[in-house]
Amino acid sequence: MQDGFPVHFSDGRTAGRISALLVLAPGRLEVHDGTGRLLAGWRYRDVRLQDAIRPGEPLRLSSTATPDARLTVLHPQAIDEVTRQLTAIGGSGYGMWRSLGWVVASGLAVAGVVWGLYAALPLAARPVARAIPVAWEEQLGDGMAVSALADQKICKGEDGQKALEGLLASIVTANGLERRFTLHVTADKTVNAFALPGGHIVLLSGLLNDARSPDEVAGVMAHEMAHILERHAAERLVRAAGVGLLLAWVTGDPSSLIAGAGGTLLNLSYSRGDESEADARGVSLLETAGLSTGGLSSFFLRLEEHHGKDSLVPQLLSTHPRATDRAAAHPGRDGRKPMTDAQWQSVKAMCR
Amino acid sequence: MTVRSQHQLHHLGRFGELVPIILLNLVYQMLTLGLYRFWAITNIRRYLWARTLFNDDPLEYTGTGKELFLGFLLAAVVVLVPVFALQYGLALANAAGETALAVVFGGLYGLLIVMLTPIALYRARRYRLNRTVWRGMRWGQSGSAMIYALLTLWYGFLTVVTLGLAYPWQSIALERYRLGHTYFGNQPIGFDGTGRALFGRWLKAWAPTVGVILAFGLFAVTRYGQQLSVASENDDAEALGLIIGLGMLALVPMMLVMAMVFCWYKAAELRYIAGQARYQELRFTCTVTGGQLAWLVIGNMLVRIVTLGLGGSYTLVRTARLMARTLSAEGAVDFDRVRQNPDERTRTGEGLAAALSMGEF
């Protein structure tokens, strides 16, 4: 009959527990019952810690060979001896530090995937935006126009509105466009114009006042029409949705999604690429309609001259390509006048 | 035969032992943009389980962060995609002024969320029990998450319709489903409580609560209603703010008293549930009082505030300590008869709950 250290042993077949004796044999530990019968023989390399090692507390072990069996080592000397054997082999540990390498690697991987998706988003946004039916975009745009114009003062000058709509219609007809366009003129001193999804073009009275000729207004109008035809607004919406989705995915918080989408719905700004594209398409719209194409570039050139150095840079310029570059890209070609002098006067007067 | 009728339950968790785990979790989470949270939860659970001892043998948590992560990914694809799609549909329909469409989307979304929450909770409980081991034997849960969700919906409806009077039936019916489908090893936990047994107690908590709300409303209207309408007619923002502010101020002690009354009821409910549960011949007694519960809740809130939310897992230690201190078990159990739970280990963990960011631990 061998001597041994007192242990508790559960054999992994039932939840029963017996008091037994631990014998430290070479390369393995053995569990004997009171009569010296061998209950278990665990090789040290199969032994796993079931809990952290805490001074003054029992050592709790299992074996990969019989994963449901449990051994509780009670005697301090036996605890020291078993711990030393396990440390010598290594790898049976129970702790958090082991995973540091994996943690860093997966952190980098996550960052990489998120960055990759973010970079791929603009590429994917264009085909997705173009796949959205125009009717959907128009419904959405109508809703957005209603809320965007709700607290704006709409200019009521009928003759001016008619003159602008006539200009718009002539561009539409000459180019054979099949989209619906709606023109809004609001009383606002800012020199700006924008396009909402669904064919809504908003001209601010500041822009009409600042314009020196109807050519310039025609240029800006064609530019905004080009944004709509190129589906830029829809593309922005898809992109915002994608960013929200990505954000929700990373943070695990779906509410950031809705916040992200809501915030960007009414705050669309186009990229420089979009602007250059709208310039080119706008010029071609004017050319096909037989209109002078120099208006857009002369308008931007003058704006930059006026406002180039002070802090009151018009909103229109801040996200747009440099006016001199645009002027160089589209030097302009003469054409027929977009409207009569009388019509031009009524446009100028429409917000008074 | 190792039949035993004296049993002890201890929880040895300590703040000092938890701190290194919390801090390391924090560092790792920052290194991985938050992705480590699944492993962080696992680390905390391993500690909490290991420090809970029944008859000197600890519980073991055998779940892994990988399982939680994979479960999250799975649930994210299966569930979050329709959830996101409906949310977007709802937002777009609203923006486009399509009311009918918005109502349809909103209804579907609401139903999905209402059903998902109890389904996720039940599945998460199954995973946690399945990964809880004592003396090498697994715990387990049978039953169906769908039935549990329907029960939750039905009893929730009853409680609302009866202005809260049916609450004990709701509470006990759900507990009966949970405990009645819980196993340790191959043997079930039994539970035969009824909501009716708690109704008297509930009525004593419910009646004064409703009374106080009515009295407060009545008092507010008769005492300040006149001034309120005058102030709003004159557009007197200052007077209006003062009256509403006073009302809010009165609301705070009222809510506190209501919370205390609820704790007083909830303690009785916990004592009752423990008393109706059994395992073989083992019977349970719980001695928790309303005061102890209230202090637990208040203390846990203070811990969260003082540690800026980082000590969230310490509130679990406090909860486990109170449970171990107030719960005792007596009666014969033949542990040799308890064999391994036949349930397969479920492959992925509580993904749905993680995806909906609930049931943190």
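Modeller: Val114(A) is found in helix α2 of chain A; helices (DSSP runs of H or I, at least four residues) and strands (E, at least two) are numbered from the N terminus. This is a predicted model, in which local features need pLDDT of at least 70, side-chain atom pairs count only at pLDDT 80 or more, and totals for chains, interfaces and linings use all residues. Residues are numbered from 1 along each chain as its sequence is written, while chains are lettered from A and ligands numbered from 1 in the order in which they are written.

Val114(A) counts as partly exposed because 15 other C-beta atoms lie within 10 Å; a residue is buried with 20 or more such atoms within 10 Å of its own C-beta, exposed with 12 or fewer, and partly exposed in between, with C-beta atoms placed from the backbone. From Val114(A) to Gly160(A) the separation is 46 residues in sequence, and their C-alpha atoms are 50 Å apart.

Helix α2 of chain A, residues 100-131, is also one of the elements that give two or more residues to the side of chain A that touches chain B, together with β7 (66-73), α3 (134-149), α7 (232-251) and α8 (255-265) of chain A. The contact as a whole takes 38 residues from chain A and 37 residues from chain B, two residues being in contact if their C-beta atoms, placed from the backbone, lie within 7 Å. On the chain A side there are 18 nonpolar, 12 polar and 8 charged residues. Here Ala, Val, Leu, Ile, Met, Phe, Trp, Tyr, Cys and Pro count as nonpolar, Asp, Glu, Lys and Arg as charged, and the others, Gly among them, as polar.

Chain A as a whole has 13 helices and 10 strands, and 36% of its 352 residues are buried. Its mean pLDDT is 81, and 84% of the residues score at least 70; pLDDT is the predictor's confidence in each residue, from 0 to 100. Confidence in chain A is highest in strand β1 (residues 5-10), at 94, and lowest in helix α11 (residues 315-318), at a mean of 47. The pLDDT is below 50 over residues 260-267 of chain A, a stretch with 15 contacts in the model beyond near neighbours in sequence.

Helix α1 (residues 15-31) of chain B packs against helix α2 (residues 37-50) of chain B at an angle of about 170°, with the axes 9 Å apart. Axes are lines fitted to C-alpha atoms, for helices over the stretch in contact, and angles run from 0 to 180 degrees between N-to-C directions. The angle therefore makes α1(B) roughly antiparallel to α2(B); under 35 degrees counts as roughly parallel, over 145 as roughly antiparallel, 65 to 115 as roughly perpendicular and the rest as oblique. Among the residues that meet are Leu18(B) and Ile21(B) in α1(B), and Ala40(B) and Ile44(B) in α2(B). This contact has 6 nonpolar, 3 polar and 1 charged residues.

In the second pair, helix α7 (residues 196-233) and helix α8 (residues 237-276) of chain B have axes that come within 10 Å and cross at roughly 180°. Thus α7(B) is roughly antiparallel to α8(B), and their contact has 24 nonpolar, 4 polar and 2 charged residues.
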